[in-house]
Amino acid sequence: MVAAVAATGAIVGTGVAVAPAAMASDAFCGSSYNQIWGPHSIYTQQGHYAGDVYLTYSSSTGKNCAYFLISSGTRGSLGYGHSIRIENESNYNSSQPDSGYFEKFAGPVYVYAPNACVKIFASVYSTYDDAQYSSPNLGC
């Protein structure tokens with residue numbers, strides 16, 4: 001499927017477009033990681049753009065990595081907290097969540113999941129606005 005995505009530049013029918021350049025190594029997770037999903041935009045209940053969630057995979061380590069790039073409108077200094085965690089859906093092993101009042105990103109978080117689906121759980125929270133996100137099964 002990755003070869004098909006690289007050739008066409010998009011995953012048809014999923015609503016997620018992936019540019020061929022997105023298949024390059026990932027600076028957040030490490031040089032052996034390649035982006036396999038994202039960006040997926042997260043919006044709060046009040047419609048504020050909170051940022052984008054990404055998933056990467058390293059065939060050399062067998063690990064998936066997820067991170068949340070935070071928008072300037074929901075930075076920690078504005079009172080917004082962010083959290084991200086990733087879970088192996090075959091055995092339900094999960095990373096510890098990376099949570100806090102971050103300015104630029106939450107994560108990266110890792111889970112060992114060769115030949116398994118993973119799910120990403122992300123959230124944005126403040127005293128007056130929040131969002132919860134649970135991805136579909138990814139990387140299967």
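Colleague: In which strand is Gly51 found?

Modeller: Gly51 is found in strand β3, residues 49-58, where strands are DSSP runs of E with at least two residues, numbered from the N terminus. This is a predicted model, in which local features need pLDDT of at least 70, side-chain atom pairs count only at pLDDT 80 or more, and totals for chains, interfaces and linings use all residues. Residues are numbered from 1 along each chain as its sequence is written, and side-chain values use heavy atoms, with hydrogens and water left out. Here pLDDT is the predictor's confidence in each residue, from 0 to 100.

Colleague: Why is Gly51 called buried?

Modeller: Buried means under 20% relative accessible area, exposed over 50%, and partly exposed in between, with a 1.4 Å probe and protein chains only; the relative accessible area of Gly51 is 0%, so Gly51 counts as buried.

Colleague: What makes Cys117 and Cys140 a disulfide?

Modeller: A disulfide is a pair of cysteine sulfur atoms within 2.5 Å, and the sulfur atoms of Cys117 and Cys140 are 1.8 Å apart, which meets that limit. Cys117 lies in the loop between β7 (105-112) and β8 (118-125) and Cys140 in the segment after β9 (130-134), so the bond ties together parts that are 23 residues apart in sequence.

Colleague: Why is Cys117 called partly exposed, and why is Cys140 called exposed?

Modeller: Cys117 has a relative accessible area of 21%, so it falls in the partly exposed range, whereas Cys140 has 67% and is therefore exposed.

Terms used:
Helix = DSSP H or I, 4+ residues; strand = E, 2+ residues; numbered from the N terminus.
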